[in-house]
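Here are my notes on this one, for whenever you have a moment to go through the model.

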Amino acid sequence: MDKRDDSVRTFNAWQIICFGLLTTPLAMGGLAMAMYLPTYYAVDMGLGLGLVGAIFVFGRLLDIITDPLIGHWSDETRSRFGPRKPWMMAGVFGFSLSAYLFLSPPDAIGPAYLVLASGLYFLFYTILDVPYSSIGLEVSPHVHERSLLAGSKAVFQVVGAILAAALPFIMGYSIGEALNVIAFAIIALCFIGLALFLSSVPTPVRIISSPRLTTVEALKAVLADRRYRYLLGSFLIVQTANSLVAGLMVLYVVHIVQAAELVGLFLGILLLSSAAFLPFWIYLSKRYSKKTSWMAASLLCSIALAIVPVVGPGDVKGAIIVSIIVGSCFGADATMPTSMLADIVYEKEREGNNRLGGLYLAVKNSVSKLSFIVPMGLAFPVLGYIGFEKTGATGPNAALTFFFFYSALPILLRLAALYVLKIGPDFVVEQKQDSVFA
């Protein structure tokens, strides 16, 4: 069981809300980029699917490089405002501008505009997100409170995704009009979120006197941590499994359940259940341990995915039940690894003078982004080769192939993650009595 002492609690409910709110505009931008922008630029703006897809994939791959760099640079920043706030303030201004350029393009554009707008968007997203999220790893000396902070970000991520997904339907806008509204909503929430964060969230004051580390030296120090390597490996495996399920969900609803008109409903169920069940996983982590909570979620998700092949055409209720269970486990996947990482970072920073939280988080982010290439690089080409998007589950071996990618492979991956966690080191962190706050 995680040992804790309520006397060192540093956040009240309002501060936890103010900490998580800034995740909402980031999530709105992420959802818009995933759902609307590829088709909008390819079809409505006439740039073509191949070109737009290549530009977007290049941006994701570029993130894998820029995330660790910005994480390390924010670790090494030494200012009277602390290491993270200068990056966050620059990130809010840059992200707001780039989100407007990316989501509200002029009527006539060429490929160069998309390259520039998307490049600025990906860059400033990282400049805002990595330092901001790094604070969540460092800011609390209380073991359970770190789960509450991670949970706050997860809840506001769902709020942002639902807002971005629902706007076109609620307001009856075209995609172009909806993207324009989303852009202004992102800008407003960025500045509101930043103002509430700066005014309400206590942040650590820690003087660094040790020599600066190069990026390579810092990366070696981070990867030398055995617990972090096991956590990172488990996270990569689970995220790969989740990316297959999330990436193929539309095909599942359309061709297996045969309820194309309910795609939006299933997306909403997945998002809402991930937030609704967070208190349960946080309670379980407090009662037993964060590792136990995450392992229980992986096992439950595997059981739910094993039911998928018996949910036939028209079985909307069965598919909804499976989606609720899977979505609830996504909440644990978002919260527990982040909270476990916060324990590692807090403990490591107590032992030495170097600040490494930004790089710890950035490498984890890079792994997460890398995992989402799997559906595009593996499942989609195979399903496209057998013509699944045209024939659905009626073609020869089509259903078997789809269920392998949507059910069997994610189950195998989650069981592999369970094994890695089981043989890995103990992640339980002793509660400390001191405080890092001035």
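Predicted model: local features only at pLDDT ≥ 70, side-chain atom pairs only at ≥ 80, totals over all residues.

1. Of the 438 residues in the protein, 55% count as buried.

2. On secondary structure, the tally is quick: the protein has 18 helices and 0 strands.

3. How does the radius of gyration fit the chain length? For 438 residues, a compact globule would come out near 22 Å, and the protein has 21 Å, so the two agree. As for overall dimensions, the C-alpha trace spans about 65 × 50 × 40 Å along its principal axes.

4. Now the contacts. Taking those in the protein with a separation of 6 or more, 85% come from residues 24 or more positions apart.

5. On charge, the protein carries 30 positive and 26 negative charges, and their mean positions lie 6 Å apart.

6. Last, please have a look at Q258. This residue is not a glycine, yet its phi is positive, at about 60°. Where does Q258 sit? You'll find Q258 in the loop between α10 (226-256) and α11 (263-276). Is Q258 buried or exposed? Its relative accessibility is 53%, and since the cut-off for exposed is over 50%, Q258 counts as exposed.

How values were computed:
Residues numbered from 1 in each chain as written. Heavy atoms only, no water. Helix = DSSP H or I, 4+ residues; strand = E, 2+ residues; numbered from the N terminus. Rg over C-alpha atoms; globule rule 2.2 N^0.38 Å. Buried < 20%, exposed > 50% of the residue type's maximum accessible area, 1.4 Å probe, protein only. Contact = heavy atoms within 4.5 Å. Lys, Arg positive; Asp, Glu negative; His and termini not counted. Charge placed at Lys NZ, Arg CZ, Asp CG, Glu CD.
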